[in-house]
Number of protein chains: 2
Amino acid sequence: MFVPRCTGLLLRRCSSAPCPKHAVTPKLLRVREALEVQKPAGRDVKVQGWVRSVRSHKEVLFLHINDGSSLESLQVVADPRLESRELSFGSSVEVQGKLTESLHKKQNVELVAENIRVVGPCDPLAFPLIYNTRQSLEYLRQFPHLRCRTNSLSALLRIRSEATAAIHSFFRDNGYTHIHTPIITSNDCEGAGEVFEVEPANKQNKPDENPHFFNVPSFLTVSGQLHLEVMAGAFTKVFSFGPTFRADHSRTSKHLAEFYMVEAEISFIDRLQDIMQVMEDLFKKVTEMVLSRCPRDVELFHKYVAPGQKAKLEKMLNKQFITMSYTEAIEVLKQAPREFVYEPVWGQDIHSEHEKYLIEHCGEIPVFVYNYPYDLKPFYMRDNEDGDHHTVAAVDLLVPGVGELCGGSLREDRLDFLQTRLQRLGLEETYQWYTELRQFGSTPHGGFGMGFDRYLQCILGVENIRDIIPFPRFFRSCIL
Amino acid sequence: MFVPRCTGLLLRRCSSAPCPKHAVTPKLLRVREALEVQKPAGRDVKVQGWVRSVRSHKEVLFLHINDGSSLESLQVVADPRLESRELSFGSSVEVQGKLTESLHKKQNVELVAENIRVVGPCDPLAFPLIYNTRQSLEYLRQFPHLRCRTNSLSALLRIRSEATAAIHSFFRDNGYTHIHTPIITSNDCEGAGEVFEVEPANKQNKPDENPHFFNVPSFLTVSGQLHLEVMAGAFTKVFSFGPTFRADHSRTSKHLAEFYMVEAEISFIDRLQDIMQVMEDLFKKVTEMVLSRCPRDVELFHKYVAPGQKAKLEKMLNKQFITMSYTEAIEVLKQAPREFVYEPVWGQDIHSEHEKYLIEHCGEIPVFVYNYPYDLKPFYMRDNEDGDHHTVAAVDLLVPGVGELCGGSLREDRLDFLQTRLQRLGLEETYQWYTELRQFGSTPHGGFGMGFDRYLQCILGVENIRDIIPFPRFFRSCIL
């Protein structure tokens, strides 16, 4: 009854690869692995990647091969007779040879080529990337399908990948359960109007059918918070890390229509400090992991893209973050020896010009601003019941270069408070499930969200958020 | 210029927590941590969670407290005088006391309570979950905000969380770079009509403006493959793990409108076997990690939800997966001593009844079916140029209980082949960027996608995919 496993023979038919001629094949190494070899001792290896440079001398041909595994390329040394017309910047190659110690100071090893095969040529005249030329991030944005082959974008995406892993580690190590909060939701979390609506591209409704695919209007999530609150009521500590959306018509260097958010929610906490502590730990621990896992990639940004950023980041990591109530912040702004476009007034929003000043005032150390006016904030934030200057237990983290990086709050866990507030907003029915969370074993709880793309902007000093995400989406632009 | 860090004093104002009266506070432990303590020796601890059972005897009160950190609850032993009316199934509590060795066989430790505080009561008459009663998964689906407090759903979501971490580990350990492929895309990847379209909920277009927010129609992704191909052209090995969408009108136990996909793309490979090997490794390694990290949670499913599943899974893990060409598969189906609704014919789709039979025929071992008819598959799959029975280098992985779990292919890396095919489809202009990938340093490459929710169905034996994801979205349903 069993079908025997097909041998390579059968499968090879479906492949265009020629059978290897040699019994012993050289070991295939990634560039990173090759560069890390301590005693190469002329071992036979094979490396695949894209040509970053070709320098042809009379006696010797030098190539640099990069395969995206590291910022550094592997130097290949070859007999000039191995050169071919197709061996150019941008072409893909497979190089076989002996890995040997290098005499150069800059590298441990080099590959002495015995064979160079051009896998895919690249016409340098048509290729938008230019050899040995640093092209601006802005220019490169036109080529989202090719810019990842530059040093800057490939370094950025390696850092992004490592930071993603570090965030998962951070929460896992601290006992959080990861939750996939939904992307399509029938809740319009903050009542914030600027949401995307979702319907099938080909509507084939009969006249008597509900016009909505899901029977109700449905939107792309702006936050997984309410869903995480559900889960914090079962797992105590939960987090999510996924895409969120705003149909934002602004086209600033800090906004995208599709961006990534890290969100956490914690039950049985009743102090804003506990939330601030998690935010600060997250920022510092994840950054330390990133710095230790891809130091060279980060260095590229700190050296060439944002000189001076290294010292700024070290300060953020070494100093304890500052805390300041909203009321204090308004006082500081009022006393500022500076004119603002928006006058700082208790009860009004803190604008980005204000954020900037507050951070400056705090010596470029990240600052938590907490206890915001009740009337500024959404219904789910916990009422501080503090009289005249009525506030809720909300906190924002402001960081140099970016402004608002995180926002969080204690949630209103008291059934009567929540119900009164929802009634006033006419949202009682919509959020019945949410009030039920307060009815069946409620706990004081809170959480926060951190903009992942802004986080990377902050640690690397990258000016424009469109250079942080592989395929940026914003008002009037959705390339690829 | 520095604002001094606020002390706890200042912050405590914004909290409703009473100041602790005792200088020494007992250590706060998660239930899991408490259960893992080897020599409890009467140490002072505090545990927070939800009451899973209350048994009141004349001499002693037993509680079971669960906080979602493990399937097992912590037994609390208390003086009956500590009981209160509010201490009921579902209520949230904080218990302080001494952790001691338990005399029971089933647990190492128990908590001898000195103080029990009901944090949030739970009216057992209104609470949809019923004490000591196994409610069906189907019944529980009505309560997506509460079902995570049951043993089955909380076990499932812990497994989901661990499997997520394991997938990230697997790829990271194997040198893959993680990529956030876009959710909103202007590509309609497979030309498969059933996509969701995205536009702002509040359109405020002036008559002379482009009616689309992004200037072009934009959709929710059905696959990140094309974007991953971009990245494989820079990083060699890449993966993504995120939500994908289908505006699918079917309401089966295997389909969701929003589901999670793990996708990988690898450059410099030209044999389907290499892709199959990654799929098989992924399945086996991730499952092994899950089994070792949450054995009790998995056991719950293998014991109570899908008896017999344990042996089935062990077989899948211990046997090498079977491979079978599409042509062979059609032969097997033609010779089957069974009638199918759809007659098996070369050139036609393999339907789920066929998949089921093939898996049965292979002794319930996962089977790769490869080399599918050219005319059945999308433009990006590599042409095998094999004459009459013209195929492409595509492969599907069929697994017991689920059917199609993974789909992959070698991609058409030859510029002329791809262009001809796109021309014929009238898609040349739309996919110009995609053909450019073949123009500038092309490599043979391939990849696959694995349905994450189906993967969990497969290893756990869960019948309905709606019980696998925290907040299922499907035709006519988007609760919360």
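Domain bounds here come from an automatic or database domain assignment. With that said, chain A gets domain 1, covering 20-120, and domain 2, covering 147-467. Taken over C-alpha atoms, the centres of these two domains of chain A are 45 Å apart.

Quick housekeeping. This is a predicted model, where local features need pLDDT of at least 70 and side-chain atom pairs count only at pLDDT 80 or more, while totals for chains, interfaces and linings use all residues. Residues are numbered from 1 along each chain as its sequence is written, chains are lettered from A in the order in which they are written, and side-chain values use heavy atoms, with hydrogens and water left out.

So how do the two domains of chain A meet? Nine residues of domain 1 are in contact with ten of domain 2, contact being heavy atoms within 4.5 Å. Between them the two domains of chain A bury about 690 Å², 40% of it on carbon and sulfur atoms; buried area is the accessible area (1.4 Å probe) that two parts lose on being put together, summed over both. On the domain 1 side, Arg52(A), Leu71(A) and Glu72(A) lose the most area, together 68% of what that side buries.

Glu72(A) also has a salt bridge with Arg296(A), at 3.3 Å, N to O. The rule asks for a side-chain nitrogen of Lys or Arg within 4 Å of a carboxyl oxygen of Asp or Glu, and it finds one such bridge across this domain interface.

Now, chain A against chain B. Here 142 residues from chain B and 142 residues from chain A are in the contact. The two chains bury about 11400 Å² between them, with 61% of that on carbon and sulfur atoms. How many salt bridges are there between chain B and chain A? The count is four. Take Arg172(B) and Glu162(A), which form a salt bridge with their closest N and O atoms 2.7 Å apart. On the chain B side, helix 4 (residues 151-173) gives the most, with ten residues; helices are DSSP runs of H or I, at least four residues, numbered from the N terminus.

Last stop, helix 5 of chain A, residues 225-235. Is this helix mostly covered or mostly open? Mostly covered: eleven of its eleven residues are buried, meaning under 20% relative accessible area (1.4 Å probe, protein chains only). The buried set includes His227(A), Glu229(A) and Phe235(A). Just after helix 5 of chain A, Thr236(A) takes a positive phi of about 70 degrees.

Note on methods:
Buried means under 20% relative accessible area, exposed over 50%, partly exposed in between (1.4 Å probe, protein chains only). Helices (H or I, at least four residues) and strands (E, at least two) are DSSP runs, numbered from the N terminus.
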